[in-house]
Number of protein chains: 2
Amino acid sequence: MIAVDWGGSSLRAYRLDAGGRIIEHRRSNDGALASHGRFSQVLGGLIEGWSERLVVLSGMIGARGGWIEMPYIDCPAGIGALAAGMRRLDADAPLAGHALWCVPGMADRGREAVDVMRGEETQIAGLLDTLGPGTHHLCLPGTHSKWVQVQDGSIVRISTAMTGELYGLLRRHSILGRTMPEHEPALDAAAFDAGLDDGGAGHGLLQDLFGVRTAALFERFATDALPSYLSGLLIGHELRAELASHAGVAVHLLGSDALLERYARALATLGVGVQRHPEELAATGMHLLARARGL
Amino acid sequence: MIAVDWGGSSLRAYRLDAGGRIIEHRRSNDGALASHGRFSQVLGGLIEGWSERLVVLSGMIGARGGWIEMPYIDCPAGIGALAAGMRRLDADAPLAGHALWCVPGMADRGREAVDVMRGEETQIAGLLDTLGPGTHHLCLPGTHSKWVQVQDGSIVRISTAMTGELYGLLRRHSILGRTMPEHEPALDAAAFDAGLDDGGAGHGLLQDLFGVRTAALFERFATDALPSYLSGLLIGHELRAELASHAGVAVHLLGSDALLERYARALATLGVGVQRHPEELAATGMHLLARARGL
């Protein structure tokens, strides 16, 4: 089968063998947003020459304004409920020989402010079997970091932190960004740790952010270290809010290496164990979901 | 004398009688940022025809990149220390008949992340005498909200929350702004209160912000009410962080009516008493500082 992880800003296609192992991998920057109106052409182009009939899609491609608006499956849900929520898509000419199926998103309606995810549930599906019984805490860092609680094979809670988006906004558009370099400098570990530490002093995030301004004003750090200080402050606030309800338990980190590095460092500093998992879990997840659906 | 409150984006000049009462008031949008390189001309134009010799300036005009870089006076400091920190400016032709003096800023170096203010110390100077002995909590809402603790006539603590700037960033540049109207709708009290309430549930601000996204997705509020919900969330987080150290004590609110309305409503909801003061306190403050300096 072919597994397609189609996010807002990128597109990854995996060709899998019958056992779900990745044989081939292709990617493009034709995210779901930029591909509007020409989804068949974009996907057809990317998987050209791959003859596997079954194609499973997940991610923002199933959002409102995407190829198909998929429903949100409510928590708690495991492989079975997600597989049951998959829907078939009609595809045009370049994909006529394929059978396309899309994975649903998930919603947590346990609080007044509902939380949701699209795509992350598929990565997690690829991990559910190996987690075993009991309660597990998963973190998928990103523009919108997802924190997910898994209990006995089911996703029971979703919490999203807008950490990555806020970092970008403050870098590009705020008074804090004005004293920072245009380029993204390498991580300055000391400044990152200082941000992590200051963020735990019990002040609010809105208050701590102004410390980036005065750090520049009083030259507490070199200019190139200021983004790392801001990053440490934001990630520190994200982690402490999430860990308040499950201190001491190891966290499973899923995602790309660069970002995982920062989160792993921050979690270790806070005394929390970490287990890392690769992004390709999405392919494993789609394979397991297709099998559960009997496709 | 003439008192000039010259902030980053606006300029207010007050003509005062010998007792410090305001006789006349003029304002312009020639903030300290936009007036760079032509400070004498801008001020000369605004106070044309006012013959008082003494002109006292305060605000961002005394920042780095302003007309004169004034030092920061450290906490604790009262009228005496602020007056002693005033410095005389040289002025060109249109202001040749005037003696110009600038008020210093203030810094709180009690924490690793230093906090500062410029301009607010002058508004507070106008209030110090009437506060009396004991501990008082002041809040000056704005792009950067200032929280100031006054003890027995001295400013002892400064805390800045970037609430207003973050609201603007999220409205204009984030995914949250995409589902909001371009214009700034009137306050929706129910949505504001819901934001205030949700912000107190113990989640982090980064997490709560995503609730604005899902509120739009699941149509929890009308589109025009979303900015009020966001405002309630942000102000709620600002207040709770500040009130953690002084719950139950009344807060003195200084500033413009529209913003004070929201802060007064939020503080009342949290069970905190409020006393309001007008922006014109800056003029009173400059009068008292000039007198203390013997000008």
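What follows is a short exchange on a predicted model, taking the labels one by one.

Colleague: Why is A:Glu219 called exposed?

Modeller: Exposed requires over 50% relative accessible area. A:Glu219 has 64% relative accessibility, so it counts as exposed. B:Glu219 has a relative accessible area of 63%, therefore it is exposed by that cut-off.

Colleague: What is noted about the backbone of A:Glu219, and where does A:Glu219 lie?

Modeller: Its phi is positive, about 50°, although A:Glu219 is not a glycine. A:Glu219 lies in the loop between helix H6 (205-217) and helix H7 (226-243) of chain A. In chain B, phi of B:Glu219 is near 50°, and B:Glu219 lies in the loop between helix H6 (205-217) and helix H7 (226-243) of chain B.

Colleague: What makes E12 and E14 of chain B edge strands?

Modeller: The open sheet has 5 strands in the order E12-E11-E10-E13-E14 (chain B), with mixed pairing. Strand E12 (154-161) and strand E14 (274-277) each pair on one side only.

Colleague: How do you know that E11 and E12 of chain B count as paired?

Modeller: Pairing needs at least two bridges. Strand E11 (residues 145-151) and E12 of chain B have 7 bridges, in the antiparallel sense, so they count as paired.

Colleague: Which omega value goes with the cis peptide bond from A:Cys75 to A:Pro76?

Modeller: Omega is near -5° for that bond. The bond from B:Cys75 to B:Pro76 is cis, with omega near -10°.

Conventions. Residues are numbered from 1 along each chain as its sequence is written. Chains are lettered from A and ligands numbered from 1 in the order in which they are written. This is a predicted model: local features need pLDDT of at least 70, side-chain atom pairs count only at pLDDT 80 or more; totals for chains, interfaces and linings use all residues. Side-chain values use heavy atoms; hydrogens and water are left out. Helices (H or I, at least four residues) and strands (E, at least two) are DSSP runs, numbered from the N terminus. Buried means under 20% relative accessible area, exposed over 50%, partly exposed in between (1.4 Å probe, protein chains only).
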